[in-house]
Amino acid sequence: MTTDLAFTVFRLGFLVLLWLLVLGAVNTLRRDIFGTVVTPRGKGRKEADQRRRESRRERKAARSRGNQTQNPTNLLLTGGPLVGTVIPLGSTPITIGRSPSCTLVIEDEYASSRHATLSPSAEGWFIEDLSSRNGTFVDDERLSHPQLLKAGDVIRIGQTTLELVR
């Protein structure tokens with residue numbers, strides 16, 4: 001009788017371990033498919049939110065005045081791991097991607113190694129998608145050819161958002 005009871009307890013314990021293994025595998029697959037929710041943190045978060053609000057106010061004021069001719073002077077990262085980072089725009093092109101050889105390296109699994117480039121010209125700044133797999137979006141429209149940017153345009157590369165500001 002004792003051996004039958006011990007054998008039954010052993011079988012039930014083994015069954016519980018198998019179910020835990022199955023549930024663990026399902027949980028791992030679910031996390032791989034749907035990803036994890038990343039909330040931006042850090043000391044630059046408050047400044048980024050403040051700059052984003054100011055940029056929106058400036059954009060609305062400029063539209064009401066009809067003054068869209070001023071060229072932007074900075075590139076502000078408004079979303080992603082580097083939120084709050086401000087990059088001054090100079091006279092050289094800026095390459096954006098995951099590769100360490102890029103001017104702006106973003107750690108975004110949805111970005112290509114060389115994803116997009118920002119190039120200065122006489123008219124302003126142009127953005128061009130470098131045949132990336134997931135595409136580059138300007139104001140939620142996918143780029144198919146180089147596009148002239150103006151202050152306040154929101155650029156999305158993967159889960160990272162950038163904005164041209166004055």
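Leaving aside neighbours within four places in sequence, which residues is Ile155 in contact with? In this predicted model, the list comprises Leu118, Ile127, Thr136, Phe137, Val138, Leu149, Thr160, Thr161 and Leu162.

Let me place that residue in its surroundings. The largest nonpolar core has 20 residues, and Ile155 is among those touching the most other members, together with Leu75, Ile96, Leu104, Leu118, Ile157 and Leu162. Two or more residues of this core come from each of strands S1 (74-79), S3 (94-97), S5 (116-120), S6 (125-129), S10 (154-157) and S11 (160-165).

I turn now to the sheet. Six strands form an open sheet in the order S2-S1-S11-S10-S7-S8, and their pairing is antiparallel. Strand S2 (86-88) and strand S8 (141-142) each have a single partner strand, so one side of each lacks a neighbour in the sheet. Within this order, S10 and S11 are joined by four bridges in the antiparallel sense. Val154, for instance, has Glu163 of S11 as its bridge partner.

Next, I consider the pairings of S5. With S3, strand S5 forms three bridges in the antiparallel sense, and here Ile96 is found opposite Ala116 of S5. With S6, strand S5 forms five bridges, again antiparallel; Pro120 has Trp125 in S6 as its bridge partner.

What do S5 and S6 form, and how many residues lie between them? The two strands make a hairpin with four residues between them. In the turn, Gly124 has a positive phi of about 150°.

Definitions and conventions:
Residues are numbered from 1 along each chain as its sequence is written. This is a predicted model: local features need pLDDT of at least 70, side-chain atom pairs count only at pLDDT 80 or more; totals for chains, interfaces and linings use all residues. Side-chain values use heavy atoms; hydrogens and water are left out. A nonpolar core is a set of buried Ala, Val, Leu, Ile, Met, Phe, Trp, Tyr and Cys residues joined through side-chain atoms within 4.5 Å. Buried means under 20% relative accessible area, exposed over 50%, partly exposed in between (1.4 Å probe, protein chains only). Contact means heavy atoms within 4.5 Å. Two strands pair if DSSP finds at least two bridges between them.
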